Amino acid sequence: MENNMKKIFSIALSAMLLLGALTCLAQGKPGKKEWQEKMKAEKVAYLTDYMNLTSAEAQKFWPVYNQAESEKMEGFKNTMDAYKALETAIDEKKSDSEVQKALDNYLSAQQKGSEIDKKYSEKYREILPGQKVAKLYLGEEKFRREQIHRWHRDGDGPN
């Protein structure tokens, strides 16, 4: 029964991706928003398959993962803002104390990003077996690398 549910889930996800791809092709090259949605759908399908999630696991996992992604995006934005402030402090030849403060802010923002990963790793372990949590991190990196290679090969990156 579980294998049937998994096959149905996989088929439904594949159909969604195909429909999304066809919609994008019909509209020409997708804009940034469409491209982000397409990548998100591809990532969900990839990770679901790579982690071998059951439908019950997926129901519990994806809302937590989406929350983690939201927090990570906010953390990334904060890190990039701190990076830009540090770069500006250097470019504008600010005092050592101002540069040090900007550096401390940047390092603090990076640390917060690591804390988000640690926090959610613990939450994932409440939902999934350790093997599947480990596969999540491997799968994310493999997906990222595959996308980079595809962008270079096909020129199919964001606008």
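**Entry 1: aromatic rings**

I began with the rings and found that pairs among them link F61, W62, Y65, Y120 and Y124 into a cluster. I counted rings of Phe, Tyr and Trp (its six-membered ring) as paired if their centres lie within 6.5 Å; planes under 30 degrees apart are stacked, over 60 edge-to-face, and the rest tilted. The model is predicted, with local features needing pLDDT of at least 70 and side-chain atom pairs counting only at pLDDT 80 or more, while totals for chains, interfaces and linings use all residues. Residues are numbered from 1 along each chain as its sequence is written, and side-chain values use heavy atoms, leaving out hydrogens and water.

My search of the whole structure returned 10 aromatic pairs. Among them is Y46 with Y50, a stacked pair at 6.0 Å centre to centre and 5° between the planes. I placed both tyrosines in helix α2 (residues 32-51), four residues apart, about one turn of the helix. Helices here are DSSP runs (H or I, at least four residues), as strands are (E, at least two), numbered from the N terminus.

I next looked up F61 and Y124, whose rings are tilted, with 5.3 Å between centres and 50° between planes. This pair links distant parts of the chain, as F61 belongs to helix α3 (residues 55-91) and Y124 to helix α4 (residues 96-127), 63 residues apart.

Are F61 and Y124 buried or exposed? I take buried as under 20% relative accessible area, exposed as over 50%, and partly exposed as in between (1.4 Å probe, protein chains only). F61 has a relative accessible area of 0% and is buried; Y124, at 2%, is buried as well. Y50, by contrast, is partly exposed at 21%.

I also noted K135 over the face of Y50, 5.6 Å from the ring centre. The criterion is NZ of Lys or CZ of Arg within 6 Å of the ring centre and within 35 degrees of the ring normal.

**Entry 2: helix α3**

I checked the span of α3: its 37 residues reach 52 Å from first C-alpha to last, close to the 54 Å expected at 1.5 Å a residue. The expected span is 1.5 Å times one less than the number of residues.

Where does α3 kink? I located a kink of about 30° at F61, shortly before the proline P63. The bend is the angle between axes fitted to the seven residues ending at a residue and the seven starting there. The buried residues of α3 include E57, F61, W62 and Y65. After α3 comes K93, with a positive phi near 50°.

**Entry 3: salt bridges**

I found 12 salt bridges in the structure, each a side-chain nitrogen of Lys or Arg within 4 Å of a carboxyl oxygen of Asp or Glu. One of them joins E42 to R150, with the closest N and O atoms 3.1 Å apart. E42 lies in helix α2 and R150 in helix α5 (residues 130-154), so this pair ties together parts 108 residues apart in sequence. E42 is buried at 17%, and R150 is buried at 16%.

I then recorded E57 with K132, at 2.6 Å from N to O. E57 is in α3 and K132 in α5, so the contact ties together parts 75 residues apart in sequence. Both residues are buried.

Finally, E141 and R145 meet at 2.8 Å, N to O. They stand four residues apart in α5, about one helical turn. E141 is partly exposed at 29%, and R145 is partly exposed at 49%. I also noted that salt bridges with shared partners join K43, E69, K72 and D117 into one network.
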